[in-house]
Amino acid sequence: MIIKEVESKLEDFFEANDFSPREIVKKRFAALINGQGKDFRKNIFLDKKGVLRQKSRVCQNPSCRSTNIIWNGFHESRSFILDKIGMSLKIGQFECLDCGSRWSIDADEIYELLKQFKEQIRILAVEIKSNKTSLIKTTEVIESAVGKKYSHMSISRWYKSRTSVMQEPTILNENCSGYYAYDEQEVSAGGKRFQRLTLRDLKIKQPIAEELAPDKSKESIQGFLVRSVKDKPKKAMVVDGDTSYPNIIIHDLKMDYQLDIGHLFANIKKAFKEECGYTVGHKRLHLADELKKQELFDIFYPRNELLAFVKRGLKTLSKIKDPAAKEEKDVELQKKLLDLKLERKKARRRKDHVSEHENYTLSDARKKFEFVKTLYYYYPKPVQKLIDRIEKDWHHYTLFLVDRNVPPTSNYIEQYYSSTLQWSDKKEFRNKEQLNEFIRLERIKKAGIFSEILSKTGLNFIQLMGTFIMTFLGI
C-alpha cells in the first residue's frame, strides 16, 4: 500500500518519472542526518534475525583494529515510533578476542533520526495550532496523523516555546517601494472592539506596519500613518473613500492617493438597486438601467463586450410588441447577461488574462466620462451624486491610469485580511495581547518563515517514518 501511494505521487517530487519509494525518502529526508546529497547509511545492516550488525568485522579499539572478533548477543531498543512501525530494534554486541574490548553497534544515527522525527511532530503540532485550530482539535489531528495522543497542555507548551522566539523579517526603509495600500479591519478581543490598522507595500506585498487602535478616528489614523512611513519612500497610497484620508495623505505625508474603484462600483450598484426597483418584483436590473450602470463602469474598466450585448438586447426588445413575449425574452437576455458576467470574472482570474488597462489611457477614460455627463439627468439622483463625486475627485479615481505602479483597488490588503483573520469567523480572543500575538504570527507565516511540514505524499506520518527507517537499514 505504501509503495503504491508513494509511486502515485512521484510527480509532486521530481521531474523524472522513474524513482523508487526508497529514492523518494532518501532525497526528501537525507538532510535530517548527514546533509543533502550525502549517503545517509553507515556500515550497518539488519541480519535475517532482525539484529543490527556491522558489515566490517573490525575491532572498534583504534589501537587494536583486530579482525579476531566474536558475536556477543544483543540488547533491545524501543520507542513509541518503533512500536507503531512494528519494529523491534536489536542492537548487536561484539567482543575482541585480542584486546578484550566490548562494544555495541553504533546506532547513534538511528536514535538521532527518531529524535528528529519527534521534533517534526512538535513542529507539525505548532503549524496546525497556528492555523486558527483549537488545542483540543490539534490533539485530535496529531493523534490521527501520528498515532499517539498528546495532551493539549503539551501542545500549548510546544506552541509557546517555538512561537515566542520567532522574529518577523526586518523590512528596511530602502526596500519599500513608496506605493502602499491602507485599510482598517474591526476585530474583537476580551469583549472589546478594536481597529486593526494595516499598511501594506504594494511591490514587496508585505505589511510594513500593523497595530491595534481603540478606534479609527482621524487622530489614530494620522498617528499610525505618519509613524509608518517615516524615512520611507513616499509616492502614492490606495485607500477607500473615507473623508479623513485626503488631508492626512496630502498634507501630513506629502503623497498622492488613489481612491478604491471597487468601493465606487459598490456604491453605484447600491444606488441602482435602491432606485430602480432591483429585487422589488424584478430579479435583475432592467436592461435600460443596466446599460447606464455599465457605461459608468466602462469609464474605469473597459467592457465593450457587455455594452454591445446590452445594446443588442435593448434593440431586440424594442421590436417585440407582445408584453408576454417581451417579458420572456427579457428573462432570456438577463440569463445570458449573467453568464457573460461570470465568464468575464473567470477570464480575469486566468494566468494568460490581459488586463483591460493594457492599452487604456486617461484620455480614453475622460471621453467616456464626458459622454456619461451628457446623460446626467437620466440617471437616478443618488447616481447623479456619485457622478458629481467622480468629477470632483477625477484625479484620485484615475491615478492608476497615470502611474501604472498604482493599482485601481485595494484588493491586496483586502486579500491579506481575509487570509489572516476573516471577520466571518467571528474569532473571539481573550485579550488584546492574544489578538496581537495571533496577528504577529500570521505576518510571519505570510513572509514564508514557517516550514512546510506535511509531506506531499499524503502518507500517514508513521508510515512515512517506517519507509525511511527501512530504507536507512537497507531492508
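# A walk through a predicted structure

Lys203 has its place in the loop between S7 and S8, where helices (H or I, at least four residues) and strands (E, at least two) are DSSP runs, numbered from the N terminus. This is a predicted model, in which local features need pLDDT of at least 70 and side-chain atom pairs count only at pLDDT 80 or more, while totals for chains, interfaces and linings use all residues. Residues are numbered from 1 along each chain as its sequence is written, and side-chain values use heavy atoms, with hydrogens and water left out.

At 44% relative accessibility, Lys203 counts as partly exposed; here buried means under 20% relative accessible area, exposed means over 50%, and partly exposed is in between, with a 1.4 Å probe and protein chains only. Not counting residues up to four places away in sequence, Lys203 touches Ser177 and Asn405, where a contact means heavy atoms within 4.5 Å. Lys203 and Tyr179 are 24 residues apart in sequence, and their C-alpha atoms are 7.1 Å apart in space.

The loop between strand S7 (192-201) and strand S8 (207-213) also holds Lys205, which at 45% relative accessibility counts as partly exposed. Most residues other than glycine have a negative phi. The phi of Lys205, however, is near 55 degrees, a positive value in a residue other than glycine. Asp231, in the loop between helix H7 (218-228) and strand S9 (236-239), likewise has a positive phi, near 65 degrees, and at 58% relative accessibility Asp231 counts as exposed.

From these loops we can turn to residues within strands. Ala213 belongs to strand S8 and, at 4% relative accessibility, counts as buried. Leaving out residues up to four places away in sequence, Ala213 touches Phe194, Gln195, Leu197 and Ser220; for Leu197, which is 16 residues away along the chain, the C-alpha atoms are separated by 7.0 Å. Another strand residue is Phe94, found in strand S4 (residues 89-96), which counts as buried at 3% relative accessibility. Its contacts, not counting residues up to four places away in sequence, include Arg53, Ile69, Trp71 and Trp103, and between Phe94 and Phe74, 20 residues apart in sequence, the C-alpha to C-alpha distance is 8.5 Å.

How do these single residues fit into the whole protein? There are 19 helices and 10 strands in the protein, and of its 475 residues, 43% count as buried. Among the contacts with a separation of 6 or more, 62% join residues 24 or more positions apart.

The next stop is the largest pocket, which holds about 1700 Å³ of space. On a 1 Å grid over the protein atoms alone, a cavity is a set of points where a 1.4 Å probe fits but cannot get out, whereas a pocket is an open set with protein on both sides within 12 Å along at least five of seven lines, and lining residues have an atom within 4 Å of a point; grid points are joined across faces, edges and corners, and a volume is the space filled by probe spheres set on the points. Of the 49 residues that line the largest pocket, the closest to its centre are Tyr301, Arg344, Arg348, Thr409 and Asn411. Helix H9 (261-275), helix H10 (287-298), helix H12 (323-349), helix H16 (399-402) and H17 each give two or more residues to the lining, and the largest share, 9 residues, comes from H12. By class, the lining has 19 nonpolar, 12 polar and 18 charged residues.

Asp260 lies in the loop between strand S10 (256-259) and H9, and at 5% relative accessibility Asp260 counts as buried. Apart from its neighbours within four places in sequence, Asp260 is in contact with Val239, Asp240, Pro408, Thr409 and Ser410. In helix H17 (residues 411-420), the residues Ile413, Tyr416, Tyr417 and Thr420 are buried. Seen down the axis of H17, these buried residues fall within an arc of 95 degrees, so they line one face of the helix; the arc is that of the directions from the helix axis to the C-beta atoms.

Finally, the confidence of the model deserves attention. The protein averages a pLDDT of 76, and 71% of the residues score at least 70, where pLDDT is the predictor's confidence in each residue, from 0 to 100. Over residues 1-22 pLDDT stays under 50, and the model has 29 contacts beyond four places in sequence for them.

How values were computed. Ala, Val, Leu, Ile, Met, Phe, Trp, Tyr, Cys and Pro count as nonpolar, Asp, Glu, Lys and Arg as charged, and the others, Gly among them, as polar.
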